[in-house]
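This report is meant for someone meeting the structure for the first time.

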Amino acid sequence: MRKTRLIAVLVVRDGQVVQSVRFKHTNVIHYDPVHAMECFNKWAVDEIVILNVSRDAESRDKFAEIVGNICSDCFVPVTVGGWITDVDYASRMLRSGADKLCLNTVFHTAPELVTRISRRYGRQCIVASIDIKRAEDGLASVYVDRGRIDTRVAPLDWARRAVELGAGEIFFNSIDHDGNRKGYDLESLQQICNGVEVPVIAFGGVFRWDHLAEGVTAGADAVAAANIFHYTEHSAKKAKKFLFNAGYPVRSN
Amino acid sequence: MAAPKIAIIDYGMGNLRSVMNAFREVKGEASIETDPERLADYTGILLPGVGAFEEAIASLRKSGMADALDMQRRTGKSILGICLGMQLMCRSSQENGLHEGLGWIDAAVNPIPPKGVKIPHIGWNDLMITREHVLVRDLPPSPDVYFVHSYRVECADPQDVIATCHHGEPFCVMFARDNVQGIQFHPEKSQQVGLKILSNFVESLA
């Protein structure tokens, strides 16, 4: 039986691991991302997602270096994202040790590139990162470019289109819930989980372990969190124990 | 006897660093190799792969690597394929059209049928060992290993299958025939269990 994956997310800005709150980054959590990863690896997370949320493309070289350093001592799967805007950089990320590529803005600016990368590396390698935000009337739409551009497309429509273009997995986040301690945006999450055939990773807002369970109940294939893993000791073990006791299958060895 | 040397085949695709790192961790001497003419210098060969079948097989053929690998196989050299590397060893694949593979194992690569399960098959799943083999020696019972694939291998001869896993229905995820072996999941990403499998491979070369 396939296990519910517990995923730790490293949000990296200008080479440092930062805390993200509604896509704003005020606190540096770790100056050295490799050190942050070492904690996760020992504490039994199932997968690591590393996101480069730097505001400019000049961060790409430094980030590639960080990915290489992290992967050299990490024997769990790694997904990387941020500023992957051409095939060469995608290839560089994979050669650095990444297993999957998390793409976001290119779905908006260069959808044909998504298809090209997907054709080359297979759709299992392409994760569509979807950031949603709700307007004052409660209507959700998808944002790109680190939450700066409103595409005015509904989340489920976006997710379906992403799969058509070649995504093999969805990484779901809500800008409103990001770092906001109230759990995932369950309504949008559930809608996407029910509406696409590919696995969905839930992210954004985990503050208590039962938030993880809520994500699984909403249909998520994997549950991800960032801040909580940094601020709680032996957090991945505790999270897994919680999921196991709540009756969800988790990786044992 | 000198330590076994492993060639990790670089054909422009795939996650080579991870495999290198994993061999380093289990004290296997591995290096990345792009030159088909140098394969004779190695004790064992690892064919990795993240990518789509069509481009991968085309790239192997164009560089002369496919022929060189086949020649090494005929000399009895041990070859291990991981993920796409395993699929490339098969007769054919249905990924983006029908493509001919290296044809070392009588098997077809077909899409995983969406029988109420999410496709691609991504995540940790139980490995069911169906027969004894050096690669699966001393593993814990039904260990969790990491998968990420949309296509699966279907062996014509059930004797070739070493291990299966269940996603919708059971299918082959490890095969072996003579000196050719394949693994559908990623041992280099499956923590202790994966490292044990790679360590078994290194030991089998000694």
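## Terms and numbering

Two strands are said to pair if DSSP finds at least two bridges between them, and the strands themselves, like the helices, are DSSP runs (E, at least two residues, for strands; H or I, at least four, for helices) numbered from the N terminus. The model is predicted, so local features need pLDDT of at least 70 and side-chain atom pairs count only at pLDDT 80 or more, while totals for chains, interfaces and linings use all residues. Residues are numbered from 1 along each chain as its sequence is written, and chains are lettered from A and ligands numbered from 1 in the order in which they are written.

## Chain B as a whole

Chain B contains 5 helices and 14 strands, and its C-alpha atoms fill a box of roughly 50 × 40 × 30 Å along the principal axes. Its radius of gyration of 16 Å agrees with the value near 17 Å that a compact globule of 206 residues would have; the radius is taken over C-alpha atoms, and the globule rule is 2.2 Å times the number of residues to the power 0.38.

Two residues are in contact if their C-beta atoms, placed from the backbone, lie within 7 Å. Among the contacts in chain B with a separation of 6 or more, 70% join residues 24 or more positions apart.

## Strand pairing around β7

In chain B, strand β5 (residues 90-93) and strand β7 (residues 105-111) pair in the parallel sense over 3 bridges, and Ser92(B) stands opposite Ala108(B) in β7(B). β7(B) also pairs with strand β11 (residues 151-155) of chain B, in the antiparallel sense over 5 bridges; here Asn110(B) stands opposite Arg152(B) in β11(B).

Ile105(B) is placed in strand β7 of chain B and counts as buried because 26 C-beta neighbours lie inside 10 Å.

Apart from neighbours within four places in sequence, its contacts are Ile105(B), Cys155(B), Phe175(B), Ala176(B) and Arg177(B).

## Helix α5 of chain B

The 15 residues of helix α5 (residues 191-205) of chain B should span 21 Å, and its end C-alpha atoms are 22 Å apart, which agrees; the expected span is 1.5 Å times one less than the number of residues. Among the buried residues of α5(B) are Val193(B), Ile197(B), Leu198(B) and Phe201(B), and the buried residues of this helix pack against α1 (16-25), β4 (78-82) and β10 (144-149) of chain B.

## Where the chains meet

In the contact between the chains, 34 residues of chain A meet 35 residues of chain B. On the side of chain A that touches chain B, α2 (60-71), α3 (87-95) and α5 (111-121) of chain A each supply at least two residues, and the largest share, 3 residues, comes from α5(A).

How values were computed:
Buried ≥ 20, exposed ≤ 12 C-beta atoms within 10 Å, placed from the backbone.
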